[in-house]
Amino acid sequence: VQLQASGGGLVEAGGSLRLSCAASGRTFSASSMGWFRQAPGKEREFVGVISWKDGVAYYPDSVKDRFTIFRDIAKNTVYLHLNSLKPEDTAVYYCAYCATVSGHRSLTTVPGDYDYWGQGTLVTVSS
């Protein structure tokens, strides 16, 4: 499986961006797809996940009312909508593909549960 993330860029605080992650290869076995971010000098942080089967999503409290994940099954693509961006949202954003964790546990926040990762796309929010 290959993941191609795109859509990052420079945006002013309060603005919005839409990140995309296109999956290719053996995508029929996906359980879920997640998004993480990593700011300079910080650990990788979970920002959301969506079940590939039913579209149910889960977010941490830090982004819950601002970030939204959608999936397009026909395009094998997942989107992360970033709204009301803050300077502290500045980070490299990574999409990830989970194939081996199924059922309710597929909405996992644990990086180690994901089998494939995209290359990351940089989001910079200016104040």
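Is Ser84 buried, partly exposed or exposed, going by its relative accessibility? Ser84 counts as partly exposed, because its relative accessibility of 41% falls between the 20% limit for buried and the 50% limit for exposed. The model is predicted.

**Strand β8 and its cover**
- Strand β8 spans residues 77-82.
- Five of the six residues in β8 are buried, and the strand is mostly covered.

**Pairing of β8**
- Strand β3, residues 17-24, runs antiparallel to β8 and is joined to it by six bridges.
- Leu80 in β8 is the bridge partner of Leu19.
- Strand β7, residues 67-72, is also antiparallel to β8, and six bridges join these two strands.
- Opposite Arg71 stands Val78 of β8.

**Loop between β7 and β8**
- Strands β7 and β8 form a hairpin with four residues between them.
- Asn76 lies in this loop and has a positive phi near 50°, though it is not a glycine.
- With a relative accessible area of 22%, Asn76 is partly exposed, because buried requires a value under 20%.

**Loop between β8 and β9**
- Ser84 sits in the loop that links β8 to β9, the latter being residues 91-98.
- The phi of Ser84 is positive, about 50°, and this residue is not a glycine either.

**Backbone context**
- Most residues other than glycine have a negative phi.
- Asn76 has a positive phi near 50°, and Ser84 has one of about 50°.

Notes
Residues are numbered from 1 along each chain as its sequence is written. This is a predicted model: local features need pLDDT of at least 70, side-chain atom pairs count only at pLDDT 80 or more; totals for chains, interfaces and linings use all residues. Side-chain values use heavy atoms; hydrogens and water are left out. Buried means under 20% relative accessible area, exposed over 50%, partly exposed in between (1.4 Å probe, protein chains only). Two strands pair if DSSP finds at least two bridges between them.
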